[in-house]
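Please look over the model below before reading my notes.

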Amino acid sequence: EALYSIERKDLNLVLLNFAEGHENIDFYFNHKCIDIHLPTAKLKLQNLKTGKTNQIQADRILATDEAHSAVRQKMQRLKRFNYSQEYCDQGYKEIIIPADARGIWPLEKNAIHIWPRDSFMLIGFPNIDKSFTLSLHLPYEGEISHESIKSLDALRNLFETYFPDLLPLVESNLTDYFRKPVEAMITTKCF
């Protein structure tokens with residue numbers, strides 16, 4: 001039996017649809033893996049809504065739990081487990097493009113959209129509710145950076161200049177950018 005712990009809102013729809021077709025795969029949405037016993041593949045999960053924990057036994061585990069993985073932390077204690085971590089010079093913030101008034105996808109739903117620019121980019125991920133999560137990747141400092149975007153006008157100017165086709169779709173939610181801190185991007189390598 002395989003166990004998938006999916007925590008992100010921007011689910012990989014292809015993987016999810018494939019997995020749903022198999023009866024022996026259990027899903028634990030809104031759960032965080034807080035511990036694992038590697039020799040027995042026993043997980044301790046915490047329900048992020050209730051705070052309650054439970055233990056799950058599985059034959060196989062596919063860990064997709066990002067940079068600060070409880071699974072990887074346990075694996076790092078194994079002998080001969082190679083690991084490296086490097087922070088990128090860019091960070092990101094997310095802004096939502098809602099579904100249109102008729103509940104229709106605002107962009108092609110079966111694609112991840114990428115708008116590369118000179119030293120930064122914008123990535124759009126489809127969500128199950130027909131919205132898109134835009135991930136604005138910018139350097140931390142510099143002329144065009146998270147540091148330089150101090151106001152709604154500065155952010156609107158960035159979209160008008162570099163992503164004018166998206167501004168009408170995202171304008172109502174530009175304030176999303178200011179609600180959370182810049183998220184770090186980390187590259188991890190392990191074997």
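**Notes on the model**

1. Phe18 sits in helix α1, residues 13-20. Helices (H or I, at least four residues) and strands (E, at least two) are DSSP runs, numbered from the N terminus. Phe18 is exposed, at 52% relative accessible area. The classes are buried under 20%, exposed over 50% and partly exposed in between, with a 1.4 Å probe and protein chains only. Together with Leu15 and Leu62, Phe18 makes a nonpolar surface patch of about 270 Å² accessible area. Patch members have over 30% relative accessible area and no salt bridge; like charges are joined within 9 Å, and nonpolar side chains (Val, Leu, Ile, Met, Phe, Trp, Tyr) within 5 Å.

2. Ground rules. This is a predicted model, in which local features need pLDDT of at least 70 and side-chain atom pairs count only at pLDDT 80 or more, while totals for chains, interfaces and linings use all residues. Residues are numbered from 1 along each chain as its sequence is written, and side-chain values use heavy atoms, with hydrogens and water left out.

3. Confidence. pLDDT is the predictor's confidence in each residue, from 0 to 100. The protein averages 88, and 92% of the residues score at least 70. By element, α3 has the highest mean pLDDT (97) and strand β1, residues 2-4, the lowest (39). Residues 1-11 stay under 50 throughout, yet the model gives them 46 contacts beyond four places in sequence. A contact here is heavy atoms within 4.5 Å.

4. Overall picture. The protein has 4 helices and 11 strands. The C-alpha trace spans about 55 × 40 × 30 Å along its principal axes. Of the 191 residues, 34% count as buried. Take the contacts with a separation of 6 or more: 54% of them join residues 24 or more positions apart. Areas come from the Shrake-Rupley method with a 1.4 Å probe; for residues, only the protein chains shown count as cover.

5. Main core. In soluble globular proteins, nonpolar side chains tend to be buried together. The largest nonpolar core here has 21 residues, and Leu155 and Phe159 touch the most other members. A core is a set of buried Ala, Val, Leu, Ile, Met, Phe, Trp, Tyr and Cys residues joined through side-chain atoms within 4.5 Å. At least two residues each come from β7 (83-97), β10 (132-139), α3 (152-162) and α4 (167-170). β10 gives the most, with 4 residues.

6. Around Phe159. Which residues does Phe159 touch, not counting those up to four places away in sequence? They are Ile95, Leu122, Leu134, Pro164, Leu166, Leu167, Val170 and Leu174. A further core lies apart from this one; it has 8 residues, including Tyr28, Cys33, Ile56 and Ala70.

7. Around Leu122. This residue is in strand β9, residues 121-126. Leu122 is buried, at 0% relative accessibility. Beyond four places in sequence, its contacts include His113, Trp115, Leu136, Phe159 and Phe163. Leu122 and Phe163 are 41 residues apart in sequence, but 8.6 Å apart in space, C-alpha to C-alpha.

8. Salt bridges. The count is 5, taking a side-chain nitrogen of Lys or Arg within 4 Å of a carboxyl oxygen of Asp or Glu. Glu171 pairs with Arg156, with the closest N and O atoms 2.9 Å apart. Glu171 lies in the loop between α4 and β11 (183-190) and Arg156 in helix α3, so the pair ties together parts 15 residues apart in sequence. Both ends are partly exposed: Glu171 at 36%, Arg156 at 21%.

9. Other pairs. Asp176 and Arg179 form a salt bridge at 2.6 Å, N to O. Asp176 is buried at 16%, whereas Arg179 is exposed at 60%. Salt bridges with shared partners also join Asp153, Arg156 and Glu171 into one network. Arg102 meets Asp100 at 2.9 Å, N to O. Arg102 is exposed at 66%; Asp100 is partly exposed at 26%.
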